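Open the model in your viewer and keep the sequence panel beside it. We will go from the whole chain to single side chains, one selection at a time.

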Amino acid sequence: KEYPLSAKLKAMSRVWAGPGNAGYIAACKGAPEDVVALCHLESSASCPVLDAAEAMASRGLRVLGVARAMHPSTELPDSQHDFAFDFVGLVGFADPLRNEVPAAVAEALSAGVRVVMITGDYPPTALSIARQAGLDTSPGFVTGADIDRFDDARLCERVASVNVFCRVVPEQKLRLVNALKAKGETVAMTGDGVNDAPALAAGDIGI
């Protein structure tokens with residue numbers, strides 16, 4: 001069984017039958033803060049983990065939390081929160097920019113094309129990569145959680161200046177494209193995954 005990512009919980013789990021009659025083994029990966037929440041860690045245990053994740057992310061690494069659980073019952077729960085997860089650790093992935101990206105961003109900016117980053121990454125990771133790409137990060141960032149809190153007017157106000165949107169899920173990408181279009185912008189949306197499809201379709205140009 002698979003428990004997929006969702007807008008409310010940026011973690012996924014897969015469950016396998018254990019050997020013999022050992023029940024089930026659940027493995028979880030996802031945003032460190034959400035994996036920590038699934039493990040129901042006390043703040044004394046969770047704070048060092050989240051501090052370590054932020055330190056890794058500030059170096060431009062993409063960071064995942066990993067957890068595991070044994071589930072003795074033959075009945076699988078409806079929610080990932082119902083597993084007794086034990087925190088295993090953090091995994092950091094280096095995914096460096098292609099060499100040509102900064103020049104491409106600079107060329108777009110010099111031509112009057114504003115470039116905005118929309119990513120599922122942790123805020124420090126997103127800011128580090130955006131700076132390497134040549135984006136102006138001085139206006140800060142907006143998270144997917146922020147987008148959910150904003151009404152349409154507030155979102156239109158924020159998209160006018162912020163260039164980095166992080167911890168974003170597909171439906172929030174769609175809201176961002178629509179907010180930019182509502183301001184009269186011609187929007188070219190790029191994406192390389194099926195999760196980008198709604199925003200690609202909503203853009204004036206889909207790449």
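**The whole chain**

Start with everything selected: among contacts (heavy atoms within 4.5 Å) between residues at least 6 apart in sequence, 57% join residues at least 24 apart. This is a predicted model, in which local features need pLDDT of at least 70 and side-chain atom pairs count only at pLDDT 80 or more, while totals for chains, interfaces and linings use all residues. Residues are numbered from 1 along each chain as its sequence is written, and side-chain values use heavy atoms, with hydrogens and water left out.

Now turn on the cartoon. The chain has 8 helices and 10 strands; these are DSSP runs, numbered from the N terminus, with helices being H or I of at least four residues and strands being E of at least two. The C-alpha trace spans about 65 × 30 × 30 Å along its principal axes.

Switch to a surface next. The accessible surface comes to about 11,300 Å², and 54% of that belongs to carbon and sulfur atoms; the areas come from the Shrake-Rupley method with a 1.4 Å probe, and for residues only the protein chains shown count as cover. Of the 207 residues, 41% count as buried, where buried means under 20% relative accessible area, exposed over 50%, and partly exposed in between (1.4 Å probe, protein chains only).

Colour by charge for a moment. There are 19 positive and 25 negative side chains, and the centres of the two sets lie 2 Å apart. Lys and Arg count as positive and Asp and Glu as negative, with His and the chain ends not counted; each charge is placed at NZ of Lys, CZ of Arg, CG of Asp or CD of Glu.

**The antiparallel sheet**

Select β1 to β5. They form an open sheet of 5 strands in the order β1-β2-β3-β4-β5, with antiparallel pairing. At its edges are β1 (2–3) and β5 (86–93), each of which pairs on one side only. Two strands pair here if DSSP finds at least two bridges between them.

Zoom in on β2 (residues 11–17), which is joined to β3 by 7 bridges. Met12 has Lys29 in β3 as its bridge partner. The hairpin of these two strands has 6 residues between them, and there Gly20 takes a positive phi near 60°.

On to β3 (residues 24–30) and β4 (residues 62–71), which run antiparallel and are joined by 7 bridges. Show Ala26 and Ala27: Ala26 stands opposite Ala69 in β4, and Ala27 has Arg68 as its bridge partner.

**The parallel sheet**

Select β6, β7 and β8. This open sheet of 3 strands has the order β6-β8-β7, with parallel pairing. Both β6 (117–118) and β7 (142–143) stand at the edges with a single partner strand each, so one side of each is left without a neighbour in the sheet. Between β6 and β8 (residues 164–166) there are 2 bridges, and Met117 stands opposite Val164.

Follow the chain into the loop between β6 and α4 (123–133), where you will find Asp121. Thr119 lies in that loop too. Is Thr119 buried or exposed? At 11% relative accessibility, Thr119 counts as buried, and Asp121 is buried at 12%.

Not counting residues up to four places away in sequence, Asp121 touches Arg62, Ala126, Ile129, Cys166 and Arg167. With neighbours within four places left aside, the contacts of Thr119 include Phe165 and Val168.

Select Lys173 in helix α7. Lys173 is buried, with a relative accessible area of 7%. Beyond four places in sequence, its contacts include Ile118, Val168 and Met189. For a sense of scale, the C-alpha atoms of Lys173 and Ala27 are separated by 28 Å.

Finish at Glu185, in the loop between α7 (170–182) and β9 (188–189). Glu185 is partly exposed, with a relative accessible area of 40%. Leaving out residues up to four places away in sequence, Glu185 touches Leu180 and Asp204. Glu185 and Asp204 are 19 residues apart in sequence and 9.2 Å apart in space, C-alpha to C-alpha.
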